[in-house]
Amino acid sequence: MHLLPILYAVLGAAVAYWILPWLWLRDRKRQLLVRCREQRAIAVTFDDGPSRELTSAITAELAAAEVPASFFLLGVSVQDHEDIVRDLLDQGHQVGCHGEGHVHHWKSPPWAGLVDTYRGLRRLERVTGLPAAAMQFRPPFGKLNLLSLLFVWWHRTPIVMWTHDGHDTRTDRDLTPAELADGLRATGGGVLLLHDFHRHIEDERAQVVNKLQAVLALRHEGFRFVRLRDLLAAPRPPASRTL
Ligand SMILES: [Zn+2]
């Protein structure tokens, strides 16, 4: 007879732990898209790197187009590539944190997400000399639980998502470079997610670069290419400031 209160308590805890962060992150995505449309802007972002070959191929494309990008780095990838992180900063790109070991905050014990976030932030602080509050954090798999959300907030580190998935890691759902550019054109801009972790197969590295090239060509259609922090720091049109 005491089962109902227990059931409500469990449901309430589940809503607080999983659903509230999910709803909040979903709203962040929506706001990103609004910001991109307002500014006719595209923010190209890369997760899970850096890596020796692919990151340098990407930065060569960005330099040729004179476009800055944002790199959300994994601590385990940074470990042997601290020189690349410093190069990214020297070249004017933004670096942010993507955790230490790409822990899924929904599928792991609560402490695992906290420890992973803490290690990722501390490592990046040490390598870049930037405090956590001056970086941005992108959740691995785009997922946070209530504890990890509060933990990142406590560090005053802005949390950022993406609006367009480049599908550069998926073999089950292909998206051509032209289709990717069409999608960004149709929405009036967006925050593009690509990945610069190491791939052994040259074709896999080439498809990331091909997709980047197709998107960079949109600068000839009047799209502005910005770092994520610049996108969010830009002044809003007066009518949009309630978002
Ligand atoms: Zn990732």
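Student: Does Leu 20 count as buried, exposed or partly exposed in this structure, and how many C-beta neighbours inside 10 Å does Leu 20 have?

Tutor: In this predicted model, Leu 20 lies in helix H1. A residue is buried with 20 or more C-beta neighbours within 10 Å and exposed with 12 or fewer. Leu 20 counts as partly exposed because its number of C-beta neighbours inside 10 Å is 15.

Student: Which residues does Leu 20 touch, not counting residues up to four places away in sequence?

Tutor: The C-alpha atoms of Leu 20 and Asn 145 are separated by 8.3 Å, although these residues are 125 residues apart along the chain. With residues up to four places away in sequence set aside, Leu 20 touches Val 15 and Leu 146.

Student: What distance separates the end C-alpha atoms of helix H1, and what span should its 37 residues have?

Tutor: Helix H1 covers residues 3-39. At 1.5 Å a residue, its 37 residues should span 54 Å, and this agrees with the end C-alpha atoms, which are 53 Å apart.

Student: Where does H1 bend, and which proline follows within four residues?

Tutor: The bend in H1 is about 35°. Its position is Ile 19, and the proline that follows within four residues is Pro 21.

Student: Which elements do the buried residues of H1 pack against?

Tutor: The buried residues of H1 are Pro 21, Leu 32, Arg 35, Cys 36 and Gln 39. They pack against S1, helix H6 (146-154), strand S5 (190-195), strand S6 (224-225) and helix H9 (228-233).

Student: Is Leu 147 buried, exposed or partly exposed?

Tutor: Leu 147 is found in helix H6. Leaving aside its neighbours within four places in sequence, Leu 147 is in contact with Pro 110, Gly 113 and Leu 114. Because Leu 147 has 16 C-beta neighbours inside 10 Å, Leu 147 counts as partly exposed.

Student: What unit do S1, helix H2 and S2 make?

Tutor: S1 and S2 run parallel and are joined by 3 bridges, with Asp 47 standing opposite Phe 72 in S2. Together with helix H2 (residues 52-65), S1 and S2 make a right-handed β-α-β unit.

Student: How many bridges join S2 to strand S3?

Tutor: S2 and strand S3 (residues 94-97) run parallel. Phe 71 stands opposite Val 95 in S3. The number of bridges that join S2 to S3 is 4.

Student: Which elements are included in what covers the buried residues of H8?

Tutor: Helix H8 (residues 202-216) has 15 residues and reaches 21 Å from its first C-alpha to its last. Its buried residues are Gln 207, Val 208, Lys 211, Leu 212, Val 215 and Leu 216. What covers these buried residues includes S1, H2, helix H7 (177-186) and S5.

Definitions and conventions:
Residues numbered from 1 in each chain as written. Predicted model: local features only at pLDDT ≥ 70, side-chain atom pairs only at ≥ 80, totals over all residues. Pairing = 2+ DSSP bridges. Helix = DSSP H or I, 4+ residues; strand = E, 2+ residues; numbered from the N terminus. Right-handed = clockwise from strand over helix to strand, strands pointing away. Expected span 1.5 Å × (residues − 1). Bend = angle between axes of the 7 residues up to and from the residue. Contact = placed C-beta atoms within 7 Å.
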